[in-house]
Amino acid sequence: MEKKPFCRKCLLDEIDENDYVRSVRKYIAEYPTEKRVSDEEYKRRLGICLECDYLDRGTCEVCGCYVEFRALRKEMKCPKGNRWAV
Ligand code: SF4
């Protein structure tokens, strides 16, 4: 069976879940080093998200972002009172 390529313009119904998860992981893995926080800071931020009531299946209910994307980026802050602040 021929696999459909991952498409950014597809709706969720049209996307193979495994392809979608793979594309998310690929995006994170390939995000430019100069734009990303350190691994230590990334884990710290995600640890805070994991304890947060607004985390819902990998998504922040306040901003709608996938927290693993948002926490990766240097310029991003937690949208709820900046809970990631040190
Ligand atoms: S980004 Fe902030 S508000 Fe959203 S889940 Fe993480 S800690 Fe909670």
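Predicted model: local features only at pLDDT ≥ 70, side-chain atom pairs only at ≥ 80, totals over all residues.
Two residues are in contact if their C-beta atoms, placed from the backbone, lie within 7 Å.

Residues are numbered from 1 along each chain as its sequence is written.

With the chain still selected, colour it by secondary structure, where helices (H or I, at least four residues) and strands (E, at least two) are DSSP runs numbered from the N terminus. The chain has three helices and two strands, and along the sequence these follow the pattern α-α-β-β-α. A residue is called buried if 20 or more other C-beta atoms lie within 10 Å of its own, exposed if 12 or fewer, and partly exposed in between, with C-beta atoms placed from the backbone; buried residues make up 8% of the 86 residues in the chain.

Next, select residues 17–30, which form helix H1, a run of 14 residues that reaches 20 Å from its first C-alpha to its last. That span is close to the 20 Å expected at 1.5 Å a residue, the expected value being 1.5 Å times one less than the number of residues. The count of buried residues in H1 is zero, and the helix is hardly covered.

The shell consists of Ile48, Cys49, Cys52, Tyr54, Leu55, Cys60, Val62, Val67, Cys78, Pro79, Lys80 and Arg83. It divides into 10 nonpolar residues, no polar ones and two charged, where Ala, Val, Leu, Ile, Met, Phe, Trp, Tyr, Cys and Pro count as nonpolar, Asp, Glu, Lys and Arg as charged, and the others, Gly among them, as polar.

Move to Arg57, in the loop between strand S1 (55–56) and strand S2 (59–60). Its phi is near 50°, a positive value in a residue other than glycine, and Arg57 is exposed, with 6 other C-beta atoms within 10 Å.

Finally, select Lys77, in the segment after H3, which is partly exposed with 14 other C-beta atoms within 10 Å. Leaving aside residues up to four places away in sequence, Lys77 touches Asn82 and Trp84. Asn82 has a positive phi of about 45° although it is not a glycine.

Technical notes: Near = placed C-beta within 6 Å.
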